[in-house]
Amino acid sequence: MGRHRHQKSSDLWKGQNWKQLRKNLFRLQKRVYKAVQAGDLRKARSLQKLILKSRSAQLLAIRQVTQLNQGKKTAGIDGKTALKYSERFELLKKLVSSAENWTHLGLREIPIPKKNGGTRMLKVPTIADRAWQCLAKFALEPAHEATFHARSYGFRTGRSAHDAHRQVANHLQSNKNGITKRVIELDIKKCFDRISHKSIMDKLIAPSGLKHGIFKCLKAGVNPEFPEQGTPQGGVVSPLLANIALDGIENIHPSIRYADDMVIFLKPKDNAGKILNKIRTFLAERGMEISEEKTKLTKATDGFDFLGWYFRVQYDGRFKSYPAKENLKKFLKKVKTIVNSSNYGAEIKAKKIAPIVRGWRNYHKWCCMEDSPYNLYFPMKTAERKFRKQKSINRHESKRLLDKAFPKVSWKENGHTMVKGTKSPYDGDLAYWSQRNSKLYDNATSKALKKLNHSCGYCGLKLKGDESVHLHHIDGNHDNWKPKNLMAVHQSCHQLIHGGKSRD
């Protein structure tokens, strides 16, 4: 009987018209965005209420936290790491009845080691609370995307670290006299733990029910010493709330912000002390302060790290960027662990290394990857030697496995096309966003996107950047990378193709 009920719930879940649900939600979000742009906050709030009550939004929020999010297997205090299909429908009932009057349970704290030897606490909500937060984010994000600063790139739909990378290049290139500039590397002390709840609530564009829910969400993650401060790191909506509190800091001086990571560019006549005082005042109003020991004033010619890259203006005035040393070390450690493992053979090693290498190279593909120690030559040689030591593999086989383990990714210094002005995917300009999407992916995915006119090969909707694009291997052979065997699809559609299971 139980199995029959589970099968029924499974069929009901998988049989939802996800394409139509996405369309329904996006239509409402686009209207919220346009209402805020037009200054009609009353209309925006009534539309946000519709999102909270929308069955489409509720189902998509549950799917997001149970199937698509990376942290979907991390348990909250309820101990649950997944929801059965029948439990998802139970949660839907709860969202239907309580979306506008949600009460958060406590958070499970997970210590995460930091680079300096300390720890930060990841505070993980229950799956039900994550689903509500995701629903809240569906309603809040389009409203605030209409007001956010163009030079804020972290945790925003349609923007990425690569946009920040390109903007650093724009500030420091020779035609902008980068050689004469200095950079403030700003560090905000315990940013997520110290953000004033009042500064978030004052700026929040939301109907009263949603505001109360967000307030309860903030209170669920407080440190007893600072009851009026902090947004829990680990919450689905937390990065958006941090962006809401920090928005406007970019207006103080030409700068780039990625969440709480920030660099500020100074011309020779600029007074660093005055600029930092303005930033101190801005942060103090929001319950935060600068970390004086970690905030540095650096000459552009001395170089600095930002978002896993090392940026520097050479003495001939040319701007260069490389993967940061710390970033390279972490990457090599991952590769080395797999290469040295005795748990599996060369074929599986190659399969495990490939996505790590491809991901790393994709992240750094707008850097200089040639005249530097970062071109993987030595790790590749080490891997090759390790593979060849396995007696069952001949020289030809070793070459095949090496090519498989270390896939090539083309790179071009500063070749990234930056997002245009304050554009947002919620502006409804599908032509711009789908065209842009194809440029964000590597060659194979980009070609697959163009082949289908930037639409998902499974559901037919435009791939506009609000969900990651996956490459589906039509014949099921993941070694067959011929263009006719590759189809660009939504991450969620890829799961549907594979019977609801996640597929990397």
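User: Across which strands does helix α7 lie, and at what angle does the helix run to β4?

Analyst: The model is a predicted one. Helix α7 covers residues 161-172 and lies across β4 and β5. Angles are taken between N-to-C directions on a scale from 0 to 180 degrees. Relative to β4, helix α7 runs at about 165°.

User: Which strands does helix α12 lie across, and at what angle does the helix run to β3?

Analyst: Helix α12 is formed by residues 272-284. The strands that helix α12 lies across are β3, β5 and β6. Its direction relative to β3 is about 25°.

User: Which strands stand at the edges of the open sheet of four strands?

Analyst: The sheet has antiparallel pairing and the order β4-β5-β3-β6. A strand with a single partner has one side left without a neighbour in the sheet, so it stands at an edge. Here these strands are β4 (255-258) and β6 (296-299).

User: In β5, which residue is the bridge partner of Ile-184?

Analyst: Strand β3 (residues 182-187) pairs with strand β5 (residues 261-266) in the antiparallel sense, over six bridges. The bridge partner of Ile-184 in β5 is Ile-264.

User: What kind of aromatic pair do Trp-309 and Tyr-363 form?

Analyst: The ring centres of Trp-309 and Tyr-363 are 4.5 Å apart, with 5° between the planes. Planes under 30 degrees apart define one class of pair. The pair of Trp-309 and Tyr-363 is therefore stacked.

User: How many residues apart are Trp-309 and Tyr-363?

Analyst: Trp-309 belongs to strand β8 (residues 309-313), and Tyr-363 to helix α14 (residues 346-363). The pair thus links distant parts of the chain, 54 residues apart.

User: Is Tyr-363 buried or partly exposed?

Analyst: Buried means under 20% relative accessible area. Trp-309, at 0%, is buried. Tyr-363 has 28% relative accessibility, so this residue counts as partly exposed.

User: What type of pair do the rings of Tyr-432 and Trp-433 form?

Analyst: Tyr-432 and Trp-433 are both buried. Their ring centres lie 5.0 Å apart, and the planes are at 90°. Because planes over 60 degrees apart fall in this class, the pair is edge-to-face.

User: At what distance from the ring centre does Lys-423 lie over the face of Tyr-432?

Analyst: A charge counts as sitting over a ring within 6 Å of the ring centre and within 35 degrees of the ring normal. Lys-423 lies over the face of Tyr-432, and the distance to the ring centre is 5.1 Å.

Terms used. Residues are numbered from 1 along each chain as its sequence is written. This is a predicted model: local features need pLDDT of at least 70, side-chain atom pairs count only at pLDDT 80 or more; totals for chains, interfaces and linings use all residues. Side-chain values use heavy atoms; hydrogens and water are left out. Rings of Phe, Tyr and Trp (its six-membered ring) pair if their centres lie within 6.5 Å; planes under 30 degrees apart count as stacked, over 60 as edge-to-face and the rest as tilted. Helices (H or I, at least four residues) and strands (E, at least two) are DSSP runs, numbered from the N terminus. Buried means under 20% relative accessible area, exposed over 50%, partly exposed in between (1.4 Å probe, protein chains only). Two strands pair if DSSP finds at least two bridges between them. Contact means heavy atoms within 4.5 Å.
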